[in-house]
Amino acid sequence: MTAILTALTAAVVSGILFGVIAFFLGIRYRKKVAETELGSAEEEAKRIINDAIKAGEVKQKESLVEAKDEIHRLRTEADRELKERRADVQRQERRLQQKEESLDKKLSNLEKKEDTLQEKIKDAEQQLEEAETIKRHQFEMLEKISGYTAEQAKDYLITNLENELTHEKAVKISAYTQQLKDESEALARSIISQAIQRCAADHVTEATVSVVPLPSDEMKGRIIGREGRNIRTLETLTGVDLIIDDTPEAITLSCFDPVKREVARLSLEKLIADGRIHPARIEEMVVKSQREVEQKIKQDGERAVLETGIHNIHPELVRLIGRLRYRTSFGQNILDHSREVAHIAGIMASELGLDPVQARRAGLLHDIGKALDHEIEGSHIEIGVDIARKYKENKNILHAIEAHHGDVEATTVLACLIQAADAISAARPGARRENIENYIKRLEKLEAIANSFEGVEKSYAIQAGREIRIMLKPEIVRDEDIGVVAREIVKKIEEELDYPGQIKVHVIRESRIIEYAK
């Protein structure tokens, strides 16, 4: 057993020694192999370096040769360009030299011409002096012969020429004025007739009373009520007089305010239809009717604005336009009148090449003051201008409203169109109702008042009695007395005559000299 262990130990030790020896031998062998390979790599590197050095020398030589060739080429091109530029410079020098020679020649010619011109100027001055001397002598001789100085003769000739020209100018102006008047009158008649034909409207005169039909006469007693309390309540709330007479099955409402009359009519119709008639119910129906009338006023205003094609108008103006439905002038409904004026003015503006929308706007608003004329002091023209200015209407519209009755002079074509359209609408047969006898009497009385003053030659009531023109005798009334006469006539008209609105008193004094050429 011991021998086996000894043998095994020896074998193991021998194996270890063999392995160590083999390891060192292997390391030595690998070292030799590595040294051999390192030597081969160094030789290869030296060879590569030598080859690169040789190739670089070859490249350097080739680059030097190419550089020399390029330098030679550039030098050749530079020499060629230099030669060309020298040639151009020489050509330009020759051209400049030729121009200098030409300018020298021209300058010398100009100097010669200038010398010649100076000589001619001297000769002309001498001749002018001689002419002035001769002219002065002639003027002196003419003054001696005629007895006039030069200034006097000049004034005489100018005066004669002015007189001749003034006469010719007056004749031509008169002829042109007459021709223009004839042509303008024909054109105006044509335009107005077309406007009237294209805007033919029916007119129905309106009264200040309304008639409400009743289902039976028994309803009259119920409307009157116990001891008249129902009729008193209705009259107090509406401001309308109820006339209950022997007319069968009808009650008449009387009031000069069409709005109140319309409220009363609607209230009475509602009470009759409802059957319950007592003060509380009457008050309820009146309030309801007032709301309906206000709504209808707004709708009428909007419809009028829509029919006339007007935009951007203030809502309050629309409401006032609607109120014109319940205003009349000599029986003519003001809203219908305003719409007709708007259409006529628009048609005439189109014929004249003006803005028809602005003309229709001015026509619709020209009587807007009548919507409030009984509520505010002043004429409907002043009220209308204030209302239009309040709601930012432009100055042309304001002037058209202000001038549509001739209270101020019309300075725009638009104002003249509104005047004409207003007169056409009001003068249409059947448009307005007035007792012809009362109308004539008022005009005759107006003229009689004017003729009653000393110094009045003639008087003419025009514009339906809105204006009177008075001709004075210049030999009796002096210029400084015209204002006194006008004021006295106005005062007497205010005291003795009843009239709507205002009357314009136009006093005229003129001196005329008439001569006849024989």
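A charge counts as sitting over a ring if NZ of Lys or CZ of Arg is within 6 Å of the ring centre and within 35 degrees of the ring normal. In this predicted model, the charged end of Lys492 meets that test with Phe453, 5.4 Å from the centre of its ring. Aromatic pairs are another matter: a search of the whole structure finds zero.

**The sheet**

Strands E6, E7 and E8 make an open sheet, in that order, with mixed pairing. E6 (456–462) and E8 (504–508) are the edge strands; each has a single partner, so one side of each lacks a neighbour in the sheet. From one strand to the next, the twist averages 15°. E7 (residues 467–472) and E8 run parallel and are joined by five bridges. Across this pair, Ile470 stands opposite Val507 in E8. Helix H14 (residues 482–496) packs on the sheet and touches E7 and E8. The direction of H14 makes about 150° with that of E8.

**A helix pair**

Two packed helices are described by the angle between their axes and the distance between the axes. H4 (residues 229–238) and H6 (residues 279–308) have axes that come within 9 Å and cross at roughly 25°. Angles under 35 degrees count as roughly parallel, so H4 is roughly parallel to H6. Their crossing is right-handed. The residues that meet are listed by helix.

| Helix | Residues in the contact |
|---|---|
| H4 | Arg229, Asn230, Thr233, Leu234, Leu237, Thr238 |
| H6 | Pro279, Ile282, Glu283, Val286, Gln290 |

Conventions: Residues numbered from 1 in each chain as written. Predicted model: local features only at pLDDT ≥ 70, side-chain atom pairs only at ≥ 80, totals over all residues. Heavy atoms only, no water. Phe/Tyr/Trp six-rings, centres within 6.5 Å; stacked < 30°, edge-to-face > 60°. Pairing = 2+ DSSP bridges. Helix = DSSP H or I, 4+ residues; strand = E, 2+ residues; numbered from the N terminus. Axes fitted to C-alpha atoms, helices over the stretch in contact; angles between N-to-C directions. Contact = heavy atoms within 4.5 Å. Parallel < 35°, antiparallel > 145°, perpendicular 65-115°, else oblique. Left-handed = near helix turned anticlockwise from the far one by under 90°.
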